[in-house]
Amino acid sequence: MASFEMNDRKKIGLGLTGFGIFFSFLGIIFLFDKGFLAMGNILFISGVALTIGLKSTMQFFMKRQNFKGTISFGVGFFFVVIGWPIIGMVLEAYGFIVLFSGFWPTLAVFLQRIPIVGWLFQQPYIRSV
């Protein structure tokens with residue numbers, strides 16, 4: 001059974017994941033700076049590994065239905081590191097969408113419960129999407 005208690009390892013993992021997203025955002029803002037993008041990728045992957053554990057991370061990335069996303073994310077990371085950040089980010093974005101496609105409905109339900117954002121997501125023109 002999964003443990004949902006928030007120990008120090010999970011707190012550090014969530015922090016690393018957040019910093020990974022922040023550095024990736026900075027890399028995009030600074031015209032696809034490969035240093036920020038590479039740092040964001042490293043922090044994101046290490047944060048996910050610390051949050052859910054190394055074994056669960058390996059199982060998640062090696063699932064048969066996630067294999068296409070894993071390969072795409074890995075090749076995109078390689079392109080970012082060798083200096084082709086735009087191609088790398090496109091591949092990583094595709095891999096991210098494929099990897100976390102099962103999580104989008106949960107995220108939508110969570111966003112609908114936030115007071116102001118939830119009202120926006122319940123509008124007919126957004127709900128149809």
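Leu54, Met58, Met62, Phe67, Ile71 and Val75 come together as a nonpolar surface patch of about 580 Å². To count for a patch, a residue needs over 30% relative accessible area and no salt bridge; nonpolar side chains (Val, Leu, Ile, Met, Phe, Trp, Tyr) are joined within 5 Å, and like charges within 9 Å. A salt bridge here is a side-chain nitrogen of Lys or Arg within 4 Å of a carboxyl oxygen of Asp or Glu. The areas come from the Shrake-Rupley method with a 1.4 Å probe, and for residues only the protein chains shown count as cover.

Take Met58, which sits in helix α3. Its relative accessibility is 45%, so Met58 counts as partly exposed (buried is under 20%, exposed is over 50%, and partly exposed is in between).

## What kind of model this is

This is a predicted model, where local features need pLDDT of at least 70 and side-chain atom pairs count only at pLDDT 80 or more, while totals for chains, interfaces and linings use all residues. Numbering runs from 1 along each chain as its sequence is written, and side-chain values use heavy atoms, with hydrogens and water left out.

## The overall fold

The chain has eight helices and zero strands (DSSP runs numbered from the N terminus: H or I of at least four residues for helices, E of at least two for strands). Its C-alpha trace spans about 45 × 40 × 30 Å along the principal axes. Of the 129 residues, 30% count as buried.

## The largest pocket

How much space lies in the largest pocket? The figure is about 860 Å³, taken as the space filled by probe spheres set on the points, with grid points joined across faces, edges and corners. A pocket is an open set of points on a 1 Å grid over the protein atoms alone, with protein on both sides within 12 Å along at least five of seven lines; lining residues have an atom within 4 Å of a point.

The lining has 27 residues, and Phe44, Val48, Phe96, Phe100 and Phe103 are the closest to the pocket's centre. At least two lining residues come from each of α1 (8–29), α2 (34–52), α5 (85–99) and α6 (104–112).

## A closer look at Phe100

Phe100 belongs to the loop between α5 and α6. With a relative accessible area of 19%, Phe100 is buried. Its C-alpha atom is 8.7 Å from that of Gly69, 31 residues apart along the chain.

Methods: Buried < 20%, exposed > 50% of the residue type's maximum accessible area, 1.4 Å probe, protein only. 1 Å grid on protein atoms, 1.4 Å probe; cavity = no way out; pocket = protein on both sides within 12 Å on 5 of 7 lines; lining within 4 Å.
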